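I opened my notebook to go through this fold step by step.

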Amino acid sequence: MPTLILVRHGRSTANTAGLLAGWTPGVALDERGAEQAAALPGRLAGLPISEVVTSPLQRCQETLRPLLEARPELSVHTDERIGECHYGDWSGRKLAELMDEPLMQVVQTHPSAAAFPGGESMRAMQTRAAEAVREWNARVERDHGADAVYLMCSHGDIIKSLVADALGLHLDLFQRISVEPCSITAISYTRLRPFLVRLGDTGDFASLAPREEPPGGDATVGGSAGAP
């Protein structure tokens with residue numbers, strides 16, 4: 001079965017502002033995110049990508065633009081099932097402010113029980129994304145063969161949930177996974193099991209350097225902003 005290349009969108013204006021964007025319209029890449037997107041064609045130059053699938057949100061569309069301009073032969077498909085989690089009433093709010101919400105502890109330690117007010121549950125988010133991947137695996141294999149490679153551009157929590165699914169991890173463990181902006185994660189699917197062959201690869205180790213204020217033990221909902 002095919003190999004899936006998962007690309008998280010480049011750094012966005014919401015990432016740098018510390019906002020939980022969700023499906024809020026008008027969230028674009030910031031300057032660094034645009035630079036990350038511009039580097040993507042070179043990073044993927046050696047891959048025979050057969051199809052491209054993207055979240056409908058602007059930050060993903062902008063991330064893919066340089067790749068699609070460099071490789072005009074690629075066909076691109078939009079799939080809402082790999083769009084960001086529907087955070088409902090939390091959308092557009094500051095992450096620092098949300099840390100005081102009782103639900104945040106559930107999101108961090110027991111996400112399989114977390115449902116966002118006015119939005120969706122994290123279980124539903126993972127289910128729709130995993131179903132999309134399985135359908136696209138079958139479609140890509142049918143149209144391009146079992147050894148095909150295809151790409152999805154999506155969001156931090158979506159990609160983390162797909163990694164957990166591939167590894168057979170309970171959703172309650174997915175907050176232990178980290179994927180930075182414009183990172184590349186690769187999952188090779190076979191008849192019996194998936195293999196995680198890359199995880200959150202940016203080619204940049206700056207984010208591993210000690211920081212002045214070490215991050216706490218909580219995961220950033222929606223995904224971190226990456227290295228400073």
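Before reading the order of elements, I noted the definition behind it: helices (H or I, at least four residues) and strands (E, at least two) are DSSP runs, numbered from the N terminus.

**Entry 1: the overall layout**

This is a predicted model, and I kept that in mind throughout. I looked up the elements and found seven helices and six strands in the chain. Along the sequence I read the pattern β-α-α-β-α-β-α-α-α-β-α-β-β. The chain has 228 residues, and 50% of them count as buried. I also checked the contacts between residues at least 6 apart in sequence, and 72% of these join residues at least 24 apart.

**Entry 2: the sheet**

In what order do the six strands lie in the sheet? I read off β3-β2-β4-β1-β5-β6, an open sheet with mixed pairing. At the edges stand β3 (76–78) and β6 (194–201); each has a single partner strand, so one side of each lacks a neighbour in the sheet. From one strand to the next, the twist averages 20 degrees.

Then I went through the pairings. β1 (residues 3–8) and β4 (residues 149–154) run parallel and are joined by six bridges. Stepping along this pair, I found T3 opposite V149, I5 opposite L151, and R8 with S154 as its bridge partner. β2 and β4 also pair in the parallel sense, over five bridges, and here V53 has M152 in β4 as its bridge partner. β1 and β5 make an antiparallel pair over five bridges; L4 has I187 in β5 as its bridge partner.

Which strands does helix α3 (residues 58–70) lie across? I listed β1, β2 (49–54), β3 and β4, and noted that α3 runs at about 145 degrees to β4. α6 packs on the sheet as well, touching β1, β2, β3, β4 and β5 (184–189). The direction of α6 makes about 150 degrees with that of β4.

**Entry 3: α6 by itself**

I tested the length of α6 next. Its 23 residues should span 33 Å at 1.5 Å a residue, and the end C-alpha atoms are 32 Å apart, which agrees. Buried residues in α6 include M122, M125, Q126, A129, V133, W136, N137, V140 and E141. I set a general point beside that list: an α-helix has 3.6 residues a turn, so residues three or four places apart point the same way. Just after α6, I stopped at G145, which takes a positive phi of about 100 degrees.

**Entry 4: α6 against α7**

Two packed helices are described by the angle between their axes and the distance between the axes. For α6 (residues 122–144) and α7 (residues 156–167), I found axes that come within 9 Å and cross at roughly 70 degrees. Angles of 65 to 115 degrees count as roughly perpendicular, and α6 and α7 are therefore roughly perpendicular to each other.

Which residues of α6 and α7 meet? From α6 I wrote down M122, M125, Q126, R128, A129, A130, V133 and R134, and from α7 D157, I158, S161, L162, A164 and D165. Sorted by class, this contact has eight nonpolar, two polar and four charged residues.

My last stop was the loop between α7 and β5, where C182 lies. Most residues other than glycine have a negative phi. Phi of C182, however, is near 60 degrees, a positive value in a residue other than glycine. Is C182 buried or exposed? Buried means under 20% relative accessible area, and C182 counts as buried because its relative accessibility is 1%.

Key:
Residues are numbered from 1 along each chain as its sequence is written. This is a predicted model: local features need pLDDT of at least 70, side-chain atom pairs count only at pLDDT 80 or more; totals for chains, interfaces and linings use all residues. Side-chain values use heavy atoms; hydrogens and water are left out. Axes are lines fitted to C-alpha atoms, for helices over the stretch in contact, and angles run from 0 to 180 degrees between N-to-C directions. Angles under 35 degrees count as roughly parallel, over 145 as roughly antiparallel, 65 to 115 as roughly perpendicular and the rest as oblique. Contact means heavy atoms within 4.5 Å. Ala, Val, Leu, Ile, Met, Phe, Trp, Tyr, Cys and Pro count as nonpolar, Asp, Glu, Lys and Arg as charged, and the others, Gly among them, as polar. The expected span of a helix is 1.5 Å times one less than its number of residues. Buried means under 20% relative accessible area, exposed over 50%, partly exposed in between (1.4 Å probe, protein chains only). Two strands pair if DSSP finds at least two bridges between them.
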